[in-house]
Amino acid sequence: MNDSTRAGAQTASNLVGRTAWISGPVVRANLSNQVFMGEQVEVGAERLIGEVIGVSDQQALLQVYEETDGVRPDDPVYGTGLPMFVTLGPGLIGSVFDGIQRPLNVLQQRGAYVEKGAKAPPLNPSQRWGFTPRKAAGTTVQAGDVLGVIQETPVMEHRVLVPPDRQGKLVTVAPEGEYTISDVIAVIRHDNAETPITMAQHWPVKRQRPYLEHLPPVVPLITGQRILDLFFPLAKGGTAAIPGGFGTGKTVTQHQLSKWADADVIVYVGCGERGNEMAEVLMDFPRLTDPRTGRPLMEKTVLIGNTSNMPVAAREASIYTGITIAEYYRDMGYHVALMADSTSRWAEALREVSGRLEEMPVEEGFPAYLAARLAQFYERAGRVKTLAGPEASVTIIGAVSPAGGDFSEPVTQHTKRFTRCFWALDKELAAARYFPAINYLESYSGYLDDVAEWWHSHHDPHWKDLREKAMQLLQEDSRLQRIVRLIGEDALPDDQRLVIEGSRLLQEACLQQNANDTTDTFCSPEKQLGLLKAVLHFVDRAKEVVKKGAPIHRIRETAVREELVRAKEKIPNDKLELLGELNAKIDREMDALFGEYQKLK
Ligand SMILES: Nc1ncnc2c1ncn2[C@@H]1O[C@H](COP(=O)(O)OP(=O)(O)O)[C@@H](O)[C@H]1O
Ligand SMILES: [Mg+2]
């Protein structure tokens with residue numbers, strides 16, 4: 001593909017027709033030349049970026065990704081001969097793009113806001129990158145092989161790969177030195193044809209990038225969030241949905257994952273929910289530091305954002321731009337996590353465009369293809385063996401924001417079908433300032449069995465049993481709560497009241513986690529297990545004591561209970577020996593109670 005097309009200075013485009021009818025992001029054009037489905041086009045004198053979404057003999061339907069208010073009937077339409085694509089190469093990390101990959105940080109430097117039709121290449125064409133070759137001339141290379149590396153940021157090694165559709169003998173490789181993205185750094189010969197390779201390439205956004213094979217999702221994506229890792233684990237290469245009404249913690253959860261998940265690269269796609277929310281993300285993100293390295297988080301992040309003054313259609317483009325960039329880094333052998341906040345805004349864009357096309361809506365105004373689009377998006381997640389062999393992954397975490405927190409609406413329901421983790425955020429929990437407001441009865445993970453072996457071999461052979469035991473406690477509690485609502489807690493026998501007490505302790509000491517607390521914001525797998533075991537130990541010991549006749553309030557009033565609740569914030573990840581002391585204290589206090597009631601018998 002031609003380097004200078006998408007948002008480039010000069011486009012290799014031809015006049016293909018003229019606009020006939022304009023309705024928001026949808027434009028109908030009379031054709032004088034052929035275009036194809038999915039072709040990238042440019043509309044009007046401002047050459048707004050659009051895409052062909054329907055063609056007949058003499059007419060084409062276009063979806064335009066920029067505001068069309070200046071477009072008039074009979075304006076020119078240019079074809080590019082290319083499908084919608086992104087530019088891939090060094091410089092993506094740390095960038096802030098809009099949906100059609102315009103570099104917002106560059107454009108914003110030029111003016112207060114991004115103007116329509118504003119053009120700037122996605123990657124800086126004049127920046128020089130230090131390239132170190134990894135292959136010598138004369139060697140035979142396959143698609144995906146590493147030709148050389150670039151230190152893209154202090155924490156990111158960018159691997160320049162043989163493009164997916166290339167192989168052959170290396171005729172030349174550039175010596176170590178500084179090059180721009182359009183300099184030829186290698187020439188590959190195959191079937192007597194020589195192909196120059198640069199550090200940048202293009203890829204059509206709607207086509208999944210190839211890999212060798214799918215691998216089972218058996219490695220957890222550790223998030224440092226106890227309720228996720230212990231109870232509803234996500235796998236590297238897996239998919240998760242975070243549905244939740246307004247203010248329930250979708251964005252906080254996505255930010256926590258961006259900061260803490262053990263992913264090499266984060267792609268954050270923001271479709272602003274509130275008016276200036278995306279503007280906040282664009283301000284906040286560049287200020288965050290990666291707690292693992294102390295370096296700016298942007299050194300491993302690509303931000304794709306639609307601010308509220310951008311047209312809805314760009315939201316759809318941003319999803320594809322994001323996932324394609326994620327796959328590109330996956331192909332280098334990295335574990336990539338993509339956050340989409342919120343996919344509901346994207347679905348609304350589909351609804352709006354569909355409405356303007358006067359298509360037959362199926363559910364709540366959404367088009368019939370909503371499900372297919374969501375499926376295609378989540379299908380691009382996966383743990384794979386890349387073309388060159390190493391293991392890598394793309395994990396997708398999509399927030400869904402149903403109006404009023406009603407999960408029966410179409411976007412939540414379809415997303416549920418195509419994702420394997422469902423982290424249901426609960427309005428009532430959030431209102432009670434119970435965070436993360438994840439409803440453990442409605443949430444689930446389809447990766448439990450997949451990742452159990454990893455936990456068993458890396459941390460504790462009883463991980464699954466411990467989780468099972470804790471889950472039972474929570475479920476039994478919720479059954480009892482129904483009775484409590486009718487007759488009150490005091491009317492229950494003490495062994496049942498202890499279940500309620502134990503579940504309460506489990507929630508306070510383990511499930512709740514404060515994103516704003518410097519210690520509690522990230523909990524290592526060891527500490528997660530330590531806290532869980534201490535809570536279960538407490539409950540087991542309390543059972544013996546209650547059997548001896550101790551009333552529940554004596555259990556609740558133990559000093560060690562309070563300490564257990566505070567341990568998440570008081571015990572740092574590197575001082576886990578303190579958990580041993582806590583367990584010893586549980587034993588001492590329970591022994592004392594046991595002795596006291598033993599004597600009374
Ligand atoms: N894990 C958490 N720890 C502490 N506070 C949280 C947590 N999750 C959410 N909150 C609180 O809830 C508020 C709303 O969360 P937010 O993520 O903006 O909601 P949403 O994106 O679902 O509208 C936050 O400003 C914060 O005060
Ligand atoms: Mg939000």
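This is a predicted model: local features need pLDDT of at least 70, side-chain atom pairs count only at pLDDT 80 or more; totals for chains, interfaces and linings use all residues.
## Other backbone features

A cis peptide bond is also found from Phe435 to Pro436, where omega is near -10°. Pro436 belongs to the loop between helix H9 (427–431) and strand E28 (444–445). Phe435 is also listed among the residues that come nearest to ligand 1.

Gln101 has a phi near 60°, which is a positive value in a residue other than glycine. The position of Gln101 is in the loop between strand E8 (96–97) and helix H1 (104–110).

## Domain layout

The domain assignment divides the chain into domain 1 (1–82), domain 2 (129–201), domain 3 (213–446) and domain 4 (463–600). Taken over C-alpha atoms, the centres of domain 1 and domain 4 are separated by 63 Å.

By class, the shell around ligand 1 consists of five nonpolar, seven polar and one charged residue.

Two domains contribute to this shell: domain 3 (213–446) and domain 4 (463–600) each supply at least three residues.

Strand E11 (residues 146–153) runs antiparallel to strand E9 (residues 129–133), and three bridges join the two. Within this pairing, Thr132 is opposite Val149 of E11.

E11 also pairs with strand E12 (residues 156–161), in the antiparallel sense and over six bridges. One of the bridge partners is Val160 in E12, which faces Gly148. E11 and E12 form a hairpin, with two residues between the strands.

## Packing of helices H13 and H16

Two packed helices are described by the distance between their axes and the angle between those axes. For helix H13 (residues 525–547) and helix H16 (residues 577–600), the axes come within 9 Å and cross at roughly 5°. An angle under 35 degrees counts as roughly parallel, and H13 and H16 are therefore roughly parallel to each other.

On the H13 side, the contact is made by Gly530, Ala534, His537, Phe538, Arg541, Ala542, Glu544 and Val545. These meet Leu579, Leu582, Asn583, Ile586, Asp587, Met590, Leu593, Phe594 and Tyr597 in H16. The contact of H13 with H16 comprises eleven nonpolar, three polar and three charged residues.

Conventions. Residues are numbered from 1 along each chain as its sequence is written. Chains are lettered from A and ligands numbered from 1 in the order in which they are written. Domain bounds come from an automatic or database domain assignment. A residue is near a molecule or strand if its C-beta atom, placed from the backbone, lies within 6 Å of it. Ala, Val, Leu, Ile, Met, Phe, Trp, Tyr, Cys and Pro count as nonpolar, Asp, Glu, Lys and Arg as charged, and the others, Gly among them, as polar. Two strands pair if DSSP finds at least two bridges between them. Helices (H or I, at least four residues) and strands (E, at least two) are DSSP runs, numbered from the N terminus. Axes are lines fitted to C-alpha atoms, for helices over the stretch in contact, and angles run from 0 to 180 degrees between N-to-C directions. Angles under 35 degrees count as roughly parallel, over 145 as roughly antiparallel, 65 to 115 as roughly perpendicular and the rest as oblique. Two residues are in contact if their C-beta atoms, placed from the backbone, lie within 7 Å.
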